[in-house]
Amino acid sequence: MDGWLKEIQHRPVLYLFCSSLAFRLLHILLRFLPRPHCVNCDPWKSYKWKNLSVSLVHSLLTGTWAIFCVFQYPVMVYDMHSSYTPVSYLLVVISTGYFIQDAGDIMFSGYARESWEFLLHHVLVIWCFLYAVLTSHYVAGAVVALFVEVNSVFLHTRLMLKMSNVARDSLLYTINKILNVTTYISFRLGAQFYLTWYILVNYSWLDHAGYFLASMMLMNIMILIYFYRLLRADFFSKHSQSNGVRKFAHD
């Protein structure tokens, strides 16, 4: 395995491009799957559905993969600066390729204004992950960060259910909503705050610790705001609060 790891590390840009291309091809292929009529009739919903479909595949793949990597090599949880395995490095390369593709999709979709918060998030993730890919440092940190994708599975499913006009009091929506908030706390908030704690405790010797801490703090603020919106929309409000505003974060 070390042989192909060295090959990827020798040409990381090539493999990042291949990953981005693969997710772009997936984006094209998913267009041929059937979609709810109410989605097809609205250009904004149609774009969101295609984008979320690719994101859902990425989350299913990388969330499971990240958990496997930590079970395979638990040392990564304690040494997030230097420890990693070939499989975990490949995971970060593939995920970085996805975020590059998705950022490009947002910028060239014509809906960048409506999705600017996600674009900002992607930029922060891309710079952090690119550093890990190009230097082989913080690979384990990137793997732990990908634990949030476990929650993203239910977060994306929630949006797709709402776009499909599934009743909020239906059994399917209720089960997903409970799993969504549970994994948001355990996998998203848990992973983010653990990474922040790790940087703070080891700040004196970590490479570029100031940049990573600033990035983490900004993302922490964002996910707390999203968490508030999620609780308000799904647990403390009978009606959607979007008021017709076309934004991912308001859904």
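Is Tyr84 buried, partly exposed or exposed? Tyr84 is partly exposed, with a relative accessible area of 25%; buried stands for under 20% relative accessible area, exposed for over 50%, and partly exposed for the range in between, with a 1.4 Å probe and protein chains only. The structure is a predicted model, in which local features need pLDDT of at least 70 and side-chain atom pairs count only at pLDDT 80 or more, while totals for chains, interfaces and linings use all residues. Residues are numbered from 1 along each chain as its sequence is written, and side-chain values use heavy atoms, with hydrogens and water left out.

**Aromatic pairs**

A search of the whole structure finds 13 aromatic pairs. Rings of Phe, Tyr and Trp (its six-membered ring) pair if their centres lie within 6.5 Å; planes under 30 degrees apart count as stacked, over 60 as edge-to-face and the rest as tilted. Select Tyr84 together with Tyr89: the ring centres are 6.1 Å apart and the planes meet at 40 degrees, so this pair is tilted. Tyr89 is buried, at a relative accessible area of 0%.

Next, select Tyr131 and Phe212, an edge-to-face pair with 5.4 Å from centre to centre and 75 degrees between the planes. This pair links distant parts of the chain, with Tyr131 in helix H7 (residues 116-135) and Phe212 in helix H11 (residues 209-235), 81 residues apart. Helices (H or I, at least four residues) are DSSP runs, numbered from the N terminus. Phe212 counts as buried at 8% relative accessibility.

Then display Phe23, Tyr98, Phe99 and Phe129, which form one aromatic cluster.

**Charges over rings**

Select Lys177 and Phe235: the charged end of Lys177 sits over the ring of Phe235, 5.0 Å from its centre. The criterion is that NZ of Lys or CZ of Arg is within 6 Å of the ring centre and within 35 degrees of the ring normal. A further example is Arg188, whose charged end sits over the ring of Tyr184, 5.4 Å from its centre.

**Helix H2**

Move to helix H2, residues 12-29, where Leu29 is found. Leu29 counts as exposed, at 55% relative accessibility.

**Salt bridges**

Select Arg24 with Asp105, whose closest N and O atoms are 3.1 Å apart. Arg24 lies in helix H2 and Asp105 in helix H6 (residues 86-107), so the pair ties together parts that are 81 residues apart in sequence. Arg24 is partly exposed at 29% relative accessibility, whereas Asp105 is buried at 7%.

Another salt bridge joins Arg229 to Glu117, with the closest N and O atoms 3.2 Å apart. Here Arg229 of helix H11 and Glu117 of helix H7 are 112 residues apart. Arg229 is buried, with a relative accessible area of 19%, and Glu117 is buried at 9%.

Finally for this group, select Asp234 and Arg158, where the closest N and O atoms are 2.7 Å apart. Asp234 lies in helix H11 and Arg158 in helix H9 (residues 148-163), so the pair ties together parts that are 76 residues apart in sequence. Asp234 counts as buried at 5% relative accessibility, as does Arg158 at 4%.

Most residues other than glycine have a negative phi. Select Ser136, in the loop between H7 and helix H8 (139-145); Ser136 has a positive phi of about 65 degrees although it is not a glycine. Ser136 is buried, with a relative accessible area of 15%. Tyr138 lies in the loop between H7 and H8 and has a positive phi near 65 degrees. At 10% relative accessibility, Tyr138 counts as buried.

Notes:
Helices (H or I, at least four residues) and strands (E, at least two) are DSSP runs, numbered from the N terminus. A salt bridge is a side-chain nitrogen of Lys or Arg within 4 Å of a carboxyl oxygen of Asp or Glu.
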